[in-house]
Amino acid sequence: MSFLDFSQITKTYPGVKALSDVSFGVVKGAVHGLMGENGAGKSTLIKILSGDQHADEGEISIDGKVQAYASTRDAFDNGVIVIHQELQLVPELTVAENLSLGRFPASAGIIAGRRMLEDVGAKLKSAGIDIDMRRKVKTLSIGERQMVEIAKAIMLDARVIALDEPTSSLSSRESEILFALIDRLRGEGKVIIYVSHRLDEVFRLCDSLTVLRDGKLAAHHASLKDVTRDQVVAEMVGREISDIWGFRPRKAGDVRLKVEALSGAKLRTPASFEARAGEIVGFFGLIGAGRSELMRLVFGADPRTGGAVTVDGKGIHATDPHGAIRAGIVLCSEDRKHDGIIQGRSIEENINISSRRHHTRFGVLNRASEIATAETFIKKLKVRTPSRNQDIINLSGGNQQKVILGRWLSEQGVRVLIVDEPTRGIDVGAKSEIYELLYQLAEDGMAIVVVSSELPEVMGICDRILVMCGGRINAELTRDQFAEKAILAAALPDKKTPDAIAS
Amino acid sequence: MTDQLKKILLGEQGLVVIFLVAFALVSALVPNFLTDRNMLGLLQSVVTVGIVACTMMFCLAARDFDLSVGSIVAFAGMVAVMASNATGSILLGLLSAIACGAFVGFINGVVIAKFRINALITTLATMQIVRGFALIASDGRAVGINSPDFYQLALSKLLGIPTPIWVLAVLFGIFGFVLNRTVFGKNTLAIGGNPEASRLAGVNVDRTRIWIFTLQGVVCGIAGILLASRITSGQPNAAVGLELSVISACVLGGVSLAGGRATMSGVIVGVLIMGIAENAMNLLNIPAFYQYIVRGVILLLAVLLDNLRSSALGRR
C-alpha cells in the first residue's frame, strides 16, 4: 500500500507539455529515485509536489488523503519538504536560528535563547547531525548547509522529503554523511524522493525508481533487485539517438577562429583552440568546467587577462561584446532569460537590437528594414507566433531561442557563431530544427562552436569535441574517435568514475 | 459589462481613456475651467514638470532614477541669470546654464554607469551638492534679472501661445521621436528590459546611460531658464520637490519603474492629469494643504492601476 501517490499528473507550459499523465506510488520508509534527462519533467514534478506549481490535471495524495496546496507554505504545513539545489538558508543567522525561523520559542517577542538551543540540540542529536548550532550559516561548507536543510525538514516533522540533486556540489566524504542520514530517515518511516542523474548513487540508495522521459512515465520499478544500469539508461534515453541529430558530413575550410592562451578572472588556465570554416566544434564538460567562461572571454563579455583571439587571421582586441560582434563573433548565451531575451519588448525589437545599425541613418531607425528583417527571420526560423509585435516573454523556450538566433543571423558577416546550451529546455521537435539550422550555417562557411552538457548532443552534431574539466581543456577528439567512455573520463575530475554521469 | 470596462481601463489606451473622462468631468463640473485663459494657464503651470519629464522618462525606462533634477533646475536658473547679468549677453547666460546642467548630468551618468553606484544614491548626493552650489553662488538670496529681454522668454507669444508652451510642445515631439524612432531610444528601452542581455547583444550600455543623464541635465537647464524667466529672478530655492512631481507624472503616464516600458503619449497624459488636478483644485479654492493629499492619492491610484495592468499583460 503506497503512502505517497501521484495520480495522472499533467502540466503544460506554453508550447511544451512538461508532464503528461504521470502516475506512480511510493511506500512508507522508502527512498524513491526519480531519474530522467534534462527536460524530462523531474523538476516540474518536484515543483508540483512542493506546491510551487499546480498540476493542470491529476492529484497527489499522502496516506490516502488528496493534497491540494495553494503554496509551498501549504505543502510545508502538510509535511512535504523539498530541498532544492539552491539552499534556502539565511547566511547571517546561526544554525539554531535558521532551524527555529518562523517558530522561535519566545515570550513577549523576546527569544528564549537557551530553550531554542535545547530544542534544536535535541533534534540534531536524535537525527545524528553533528554541527555546532552557534555557528553562522555563512561559515558552513555546502555539505554542512545541506545537513542544516535536512535538519529543518526533521524539525518540521516532515513526512515526505524530496532532495533535488543533493550531491551535485558535495565532496565524496560529505556525500557519505548525507547517505547515512538518508538511511536513518528511511528507518524512521519517512518517504524520500531522491532526484539525481547519478546512477551509482541511485542504485546504492534507492528502494524503488521512476524514470521520466519527455514528460511521460518511461518506467516504474517497485524494486531495483533485477534492474540493470543499462536498462535504466535505455529507459531514460528511450529513442534511437541517430533519429534527431540528422548529422551531415561537411568539408572544413581554413581556420576561422583561433584562440590562443586566453585567460580571465574566472578561467585561470590559459585555453587555446581553433575552429575552421564549415566546422562544428563541440565543448563538453560538467557544469562549472569553465566552458561558458571561456566563450564569454572569446566574445569579450568578461575582461580577459591574457591571450589572443583572431578571426580569419585578424586579431580581435574586443574588450566588449559590440567589438566582437563587429569582428564577426556572436554568442547565444546559456542563460536565455538573463542574458538573451529582452523582456517586455517585441520579437521585432529583439531581432533588430544589434543588426539595426546596418540600416540606420544618423541614429534614426529605418522602420521598413526592421519590419522586413523581423518578418524574414520569423519565417526562415519558423518562429511560432501570431505576430512580430508579440512580447518575447510569451514565446516558448524553443521559439525564444530561435529569435535570439535570428538576432545574430540578421547581422551581416557573422563568421563565428558560438551557441551555449542551444537546446536547453527545448522540446525534441524544435531541437532538430535548430540542429538543421546549424548544419546549414556551417555549410555556408560559418565556424560554429557548440557548448553543451548533453553528451549525446555533442556526439550527435559535432565534427570535433573538446572536453573541459576544472577550467582546462582536457581532451580533443575527432568524429571517428568519439566514444562515450573516453569523453566522460576526460570530463570527470579524478575522484569520480564515468558511471557517475548517466546521460 | 465590468469585463469590458476592465479591458478598456487596463488596455494600451487605458490611460488616455481615463484622461479624457477626467477632462470631460472637470470641464463640466468646475466653473471657469474650460476657458482659453485657464487652458493656457494650466499648460504654463506644467511647463517645468513636462519638460523635465521628457528625459526622466528615458531615465526610468532604462531602470534608472534621477532625484537631482529639482536642484539642477534651480542651479541652471541661477547660472542663467548670473551669467547674463555679468556678461550682458543673454545668449551666453542661456548657454552657460545649459552647459552647467549637462555637466551635472554627465557627472551623474559617469558615476552611475562607470563606477556602478546606485542611481538613487548618486543623484541623492548630487541633488544636495548642486543645491548647495546654487545657495553658495547667490548667498542664499534671489538674484534679479537685469535685462528685460530675459523676461521676454517667458512672456513672449507666438500665435497667441506663450513661448514656454511651444518649447514644451517641441520637446514632447523631439523626445517622442527619439524614444520610438532612434537607436538611442530603442537601446534605452532594451537596457531597461534586460541590461545584461542588451550588453551581450552589442548595446553600449554605459555610453547610453551616460547620454541619458547628460540629456536629462540639458533639459533641466532649459527648464531652469524658463522658470527663472517666469519668476523674473534666479531663486536658489526654486523647484524644491520637482523630482517627485516629475516621477509621479511619469509613473502616472504608465512608465514602468522596473524599466523597459515607456511611451511619450503616456507621459504627456500623466503631466496633464497632474496639471488638471492642481488647476481644478485651485479653481475650487481647495487649500494648498489638501492638495498634497489629493496628489498623493492620485499617484497611489495610478501605481495600483499600473500593477493591475502589468498582471493583466502577464496573464495574456
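Biologist: How many of the residues of chain A count as buried, in percent?

Modeller: This is a predicted model, and in it 53% of the 503 residues of chain A count as buried. The cut-off for that word is under 20% relative accessible area.

Biologist: Why is chain A called as compact as a globular protein of that length?

Modeller: The globule rule gives 23 Å for 503 residues, and the radius of gyration of chain A is 25 Å, close to that value, so the description holds. Along the principal axes, the C-alpha atoms fill a box of roughly 70 × 50 × 45 Å. Chain A has 18 helices and 22 strands.

Biologist: What makes R296(A) and E196(B) a salt bridge?

Modeller: The closest N and O atoms of R296(A) and E196(B) are 3.4 Å apart. The limit is 4 Å between a side-chain nitrogen of Lys or Arg and a carboxyl oxygen of Asp or Glu, so the pair qualifies. The rule finds 2 salt bridges across the interface of chain B and chain A.

Biologist: Which elements of chain B give two or more residues to the side that touches chain A?

Modeller: They are α9 (163-181), α10 (183-193) and α11 (195-200) of chain B. The largest share, 6 residues, comes from α10(B). By type, that side of chain B divides into 8 nonpolar, 9 polar and 6 charged residues.

Biologist: What area do chain B and chain A bury between them?

Modeller: About 2,000 Å², with 55% of it on carbon and sulfur atoms. Chain B brings 23 residues to the contact and chain A brings 29.

Definitions and conventions:
Residues numbered from 1 in each chain as written. Chains lettered and ligands numbered in written order. Predicted model: local features only at pLDDT ≥ 70, side-chain atom pairs only at ≥ 80, totals over all residues. Heavy atoms only, no water. Contact = heavy atoms within 4.5 Å. Buried area = accessible area lost by both parts, 1.4 Å probe. Helix = DSSP H or I, 4+ residues; strand = E, 2+ residues; numbered from the N terminus. Nonpolar A, V, L, I, M, F, W, Y, C, P; charged D, E, K, R; others polar. Rg over C-alpha atoms; globule rule 2.2 N^0.38 Å. Buried < 20%, exposed > 50% of the residue type's maximum accessible area, 1.4 Å probe, protein only.
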